[in-house]
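Me: Got a structure I'd like to talk through with you. Can you take a look?

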Amino acid sequence: MPTSLLGSSIQAQNPGGGKWAGQQMPKIGKINGTILDSISNNPLEFAMISVIQKRDSQLVGGVITDAKGKFLIEELPLGRHTVKVSYLGYNTLEMDIRIIPMEPSVDLGKINISPTASSLEIAEVTAEKAVFQL
């Protein structure tokens, strides 16, 4: 009766598939960039950057830009995300990114956002002088 010395390893697949299915993704990702006005090319301070995970629409990160329009968001989970850039009086910009273990840092570079049509309208202010003065 010969005996086999071959060892075997059996691993069951996760029902959701993929290495991290059913588990919390490691938070090793980061994104950075600069938000600029598309007309003047000036940096936009206080623009809001939100990162939303695609698989469950959960907010996983967010910051406000500094005086130079720069932002950095760290400790983002691996996977696919939507980055939303919003600023009062400007059109909201959305872009899709993917954070992977081999390249956990994503540099979005310079991002130009444009003012909404209503914020481009010129307001005219008029005043009337009183007829009588004391």
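Reply: Three strands make an open sheet, ordered E4-E1-E7, with mixed pairing. Strands are DSSP runs (E, at least two residues), numbered from the N terminus, and two of them pair if DSSP finds at least two bridges between them. This is a predicted model, where local features need pLDDT of at least 70, side-chain atom pairs count only at pLDDT 80 or more, and totals for chains, interfaces and linings use all residues. Residues are numbered from 1 along each chain as its sequence is written, and side-chain values use heavy atoms, leaving out hydrogens and water.

Me: Which strands stand at the edges?
Reply: E4 (70-77) and E7 (105-113). Each has a single partner strand, so one side of each lacks a neighbour in the sheet.

Me: And in what sense do E1 and E7 pair?
Reply: Parallel, over seven bridges, with E1 covering residues 27-37. Lys30 sits opposite Ser105 in E7.

Me: Switching topic: how many aromatic pairs?
Reply: One. The ring centres of Tyr87 and Tyr90 are 5.2 Å apart and the planes are at 70°, so the pair is edge-to-face (centres within 6.5 Å; planes under 30 degrees apart are stacked, over 60 edge-to-face, the rest tilted).

Me: Is Tyr90 buried or exposed?
Reply: Buried, at 17% relative accessibility, while Tyr87 is partly exposed at 25%. Buried means under 20% relative accessible area, exposed over 50%, partly exposed in between (1.4 Å probe, protein chains only).

Me: Where's Met48?
Reply: In strand E2 (residues 48-53). At 40% relative accessibility, Met48 counts as partly exposed.

Notes. Rings of Phe, Tyr and Trp (its six-membered ring) pair if their centres lie within 6.5 Å; planes under 30 degrees apart count as stacked, over 60 as edge-to-face and the rest as tilted. Helices (H or I, at least four residues) and strands (E, at least two) are DSSP runs, numbered from the N terminus.
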